[in-house]
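Student: Hi, I have a new model open and would like to talk it through. Can we start with the strands and then move on to the side chains?

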Amino acid sequence: GGTPGPTITAQQNDTIIVELTNGLLTENVAIHWHGIRQIGTPWFDGTEGVTQCPILPGTTFKYQFVVDRAGTYLYHAHYGMQREAGLYGSIIVGLPDGKSEPFTYDYDRNIILNDWYHKSTYEQAAGLSAIPFQWVGEPQSLLIHGRGKFNCSTLTTPSLDAGICNATNPDCEPFRLIAVPGKTYRLRISSLTALSALSFQIEDHNMTVVEADGHYVEPFVVQNLFLYSGETYSVLVKADQDPTRNYWITSNIVGRSAPNTPPGLGVFVYYPNHPRRSPPTTPPPPPLWNNTDPRLAQSHAIKARQGYIHTPPSRSDRVIVFLNTQNTINGNVRWSVNNVSFALPHTPYLIALKENLTHVFDQTPPPDGYDFQNYDIRIVQENRNATSSNGVYRLNFNSTVDIILQNANSMSFGTSETHPWHLHGHDFWVLAYGEGKFDMFNDPKKYNLVNPIMKNTVPVHPYGWTALRFRADNPGAWAFHCHIESHFYMGMGVVFAEGIDKVGKLPSSVMGCGETQGL
């Protein structure tokens, strides 16, 4: 009945059991445990079409997995574009008894940021698949932990129930965080936006970044925290300002022009002020939406904390370059990787690979790169056609793989969008960010092999590139995709298969669709 869903709290090495009953009458469902690597349980990753068949209406499915690392993680729907309808929540994993973190705080709070559309995910998906193409547009609201606002007077059709458009409704109260003066708060801030990159700030308060995607960060101070969909951070905030007033908490869109989307507003309440007392100021202005410099600076600033560095392998066994482009296929607008747009098969990959059902998806692997010497990333390409494929990248087990995410111009003049890429089943080392076209001869010399942060979600900035390294050491089939709902729906993703012969016996509960019936 609410969103976000309940927070799952656990301790490192606990086994979490979730019994999920699908009470939706007309929708399938699957839930992905975002940031949990599913070591030994690849069939419970929760990615429909990759690791399991969907959970049908009226049925119950049991997820069971170990949380092997402390940190801040997420869960969310991974079926169609269902996540953006509100099916998401947090997973907070604490350290084992007797262990302590490398920073101190008095209180621990959790905030999920999101964007919100009035159109249903079905209407949006139908528009994205239509000819002519109908883009989803910018969101109507930004939510701070499930709460946002919308100016009903802007509606051209009074279709919304008058009760919904009632600003005095207590459900319309903004998010409030009550702070005791002088105390330090660990805020676990994450983003599960459908589209938007965000800037988060607390008026007149500095934030010290200490964790990203479950890994300790060498602390650095920001006024604005930039978040891309699928990322989690912990920041420390001290309630050290004038305690006689309250302060704004704001969320703003960056990376896209969205003049009609109001900012997300919350209130940082200094106890014992009245929680409903508005701050005496106007909300602080957001960073310029199209200024990428501070966003790049934050990306560069995130390094592993001294004493908690996982040193990456010094070299890789394979380099795969992913050119991110927008294309057309048979009149449909699609997103592609190396001019190949991803399509899910009817039989989930993990089952097809384990049972050797070679005919249910394309056995030709997608390309490892593009014509980087001749491709101009800064222009709208003349030939914008792409092909569609459901082939997978087969990785040698335990090999070290480098991924270069290369951004480029979309089909709109002068436009290159920010794409947050999320890897299932692994963390990766973030070796470098760069501007322009990746130079495979010289740019690897700039890699940070000393203290790179490990993450599971990372942005590729406009007209830029991001270099990642990971070990293919987790048997299974794992999605790697843009975490923007519409972009993944439009084909912006790939699947990695590794160590399939080491995957244990698949539970029958993940079967039942495509050619898995009767297995």
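This is a predicted model: local features need pLDDT of at least 70, side-chain atom pairs count only at pLDDT 80 or more; totals for chains, interfaces and linings use all residues.

Student: Thanks. How many bridges join β12 to β13?

Tutor: Five bridges join them, and the two strands run antiparallel. Strand β12 covers residues 207-212. As one example, Val209 has Phe220 in β13 as its bridge partner.

Student: Which sheet order do these strands belong to?

Tutor: The order is β8-β7-β10-β15-β12-β13, an open sheet of six strands with mixed pairing. The edge strands, which pair on one side only, are β8 (141-144) and β13 (215-222). On average, neighbouring strands of this sheet are turned by 25° against each other, direction ignored.

Student: What about the β8 side, how does β7 pair with β8?

Tutor: Strand β7 (residues 107-116) pairs with β8 over four bridges, in the antiparallel sense. Asp115 has Leu142 in β8 as its bridge partner.

Student: And the side chains of β8, buried or exposed?

Tutor: Ser141 and Leu143 point one way, Leu142 and Ile144 point the other way, and all are buried.

Student: Changing topic: what does UniProt list as a domain here?

Tutor: The unreviewed entry carries the annotation "domain: Plastocyanin-like" for residues 2-93, 111-271 and 378-499. In the model, residues 2-93 are 0% helix and 40% strand, with the end C-alpha atoms 22 Å apart. Residues 378-499 are 4% helix and 43% strand, and there the end C-alpha atoms are 38 Å apart.

Student: On to the rings, then. How many aromatic pairs are there?

Tutor: The count comes to 27 aromatic pairs. One of them is Phe322 with Phe496, which is stacked at 6.4 Å centre to centre, with 25° between the planes. That pair links distant parts of the chain: Phe322 is in strand β18 (residues 318-329) and Phe496 in strand β30 (residues 493-498), 174 residues apart.

Student: Why does Phe322 count as buried?

Tutor: Because its relative accessibility is 0%, and buried means under 20%. Phe496 is buried too, with a relative accessible area of 0%.

Student: How are Tyr370 and Tyr375 arranged?

Tutor: They form an edge-to-face pair, 5.7 Å centre to centre with 90° between the planes. Tyr370 counts as buried at 16% relative accessibility, and Tyr375 is buried at 15%.

Student: Which residues form an aromatic cluster?

Tutor: Trp33, Trp43, Phe44, Phe61, Tyr63, Phe65 and Tyr75 form one.

Student: Last topic, charges. How many salt bridges does a search of the whole structure find?

Tutor: It finds 17. Among them, Asp427 and Arg69 meet at 2.8 Å, N to O. Asp427 lies in the loop between β24 (419-423) and β25 (428-435) and Arg69 in the loop between β4 (60-67) and β5 (71-77), so this pair ties together parts 358 residues apart in sequence. Both residues are buried.

Student: Where do Arg245 and Glu203 sit?

Tutor: Arg245 is in the loop between β15 (232-238) and β16 (247-254), and Glu203 is in the loop between β11 (197-202) and β12, 42 residues apart. Their side chains meet in a salt bridge at 3.0 Å, N to O, and Arg245 and Glu203 are buried.

Student: And Asp501, buried or exposed?

Tutor: Asp501 is exposed, with a relative accessible area of 63%. Its salt-bridge partner is Lys502, at 3.6 Å, N to O, and Lys502 is partly exposed at 47%.

Student: Which residues are linked in a network of salt bridges?

Tutor: Glu101, Arg186 and Glu211 are linked that way.

Conventions:
Residues are numbered from 1 along each chain as its sequence is written. Side-chain values use heavy atoms; hydrogens and water are left out. Two strands pair if DSSP finds at least two bridges between them. Axes are lines fitted to C-alpha atoms, for helices over the stretch in contact, and angles run from 0 to 180 degrees between N-to-C directions. UniProt positions are given in the numbering used here, feature names are shortened, and annotations may be inferred rather than shown by experiment. Buried means under 20% relative accessible area, exposed over 50%, partly exposed in between (1.4 Å probe, protein chains only). Rings of Phe, Tyr and Trp (its six-membered ring) pair if their centres lie within 6.5 Å; planes under 30 degrees apart count as stacked, over 60 as edge-to-face and the rest as tilted. A salt bridge is a side-chain nitrogen of Lys or Arg within 4 Å of a carboxyl oxygen of Asp or Glu.
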